[in-house]
Amino acid sequence: MRPQGQSNPRQLMEQAIALRDNLLTLQHDLNEVELTGSAGNGQVVVTMRGNGEPVRVHIDPAVADPHAVATLEQLVLGAIREAQQAIQTYGRAKTRIV
């Protein structure tokens with residue numbers, strides 16, 4: 001009989017293995033899932049994988065004025081930041097303890 005408050009070593013090992021398996025599943029999921037961020041009311045859309053890998057950028061031709069490069073750059077940067085925020089939110093939701 002174990003004193004109250006002490007855990008069973010086998011139970012701790014099983015919990016550690018389950019946690020590792022959950023983390024491996026999450027890592028695989030993050031490598032596969034694609035999340036998007038957009039700026040300029042959808043004029044610029046960036047898609048990234050959950051691991052932060054950019055997949056594609058779509059720029060509406062209407063915003064590709066050669067005289068507006070700085071604006072275009074800010075739109076792309078804003079879309080990337082929004083996609084990264086979506087990744088963080090997704091990861092937090094997947095790692096919530098039920």
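Trainee: Leaving aside its neighbours within four places in sequence, with which residues is Thr47 in contact?

Mentor: Contact means heavy atoms within 4.5 Å. By that criterion, Thr47 is in contact with Glu34, Leu35, Thr36, Glu53, Pro54, Val55 and Arg56. Please note that this is a predicted model, in which local features need pLDDT of at least 70 and side-chain atom pairs count only at pLDDT 80 or more, while totals for chains, interfaces and linings use all residues. Residues are numbered from 1 along each chain as its sequence is written, and side-chain values use heavy atoms, with hydrogens and water left out.

Trainee: Is Thr47 buried or exposed?

Mentor: Buried means under 20% relative accessible area, exposed over 50%, and partly exposed in between (1.4 Å probe, protein chains only). Thr47 has a relative accessible area of 5%, so the residue is buried. Thr47 is found in strand S2.

Trainee: How does strand S2 pair with strand S3?

Mentor: Strands are DSSP runs of E with at least two residues, helices are runs of H or I with at least four, and both are numbered from the N terminus. Two strands pair if DSSP finds at least two bridges between them. Here S2 (residues 44–49) and S3 (residues 54–59) pair in the antiparallel sense over five bridges. Val44 has Ile59 in S3 as its bridge partner, and Met48 stands opposite Pro54. Four residues lie between the strands of this hairpin, where Gly52 takes a positive phi near 95°.

Trainee: What is the strand order of the open sheet?

Mentor: The open sheet has three strands in the order S1-S2-S3, with antiparallel pairing. Its edge strands are S1 (34–39) and S3, each pairing on one side only. Helix H2 (residues 69–94) packs on the sheet and touches S1, S2 and S3. For directions, axes are lines fitted to C-alpha atoms, for helices over the stretch in contact, and angles run from 0 to 180 degrees between N-to-C directions. The direction of H2 makes about 140° with that of S1.
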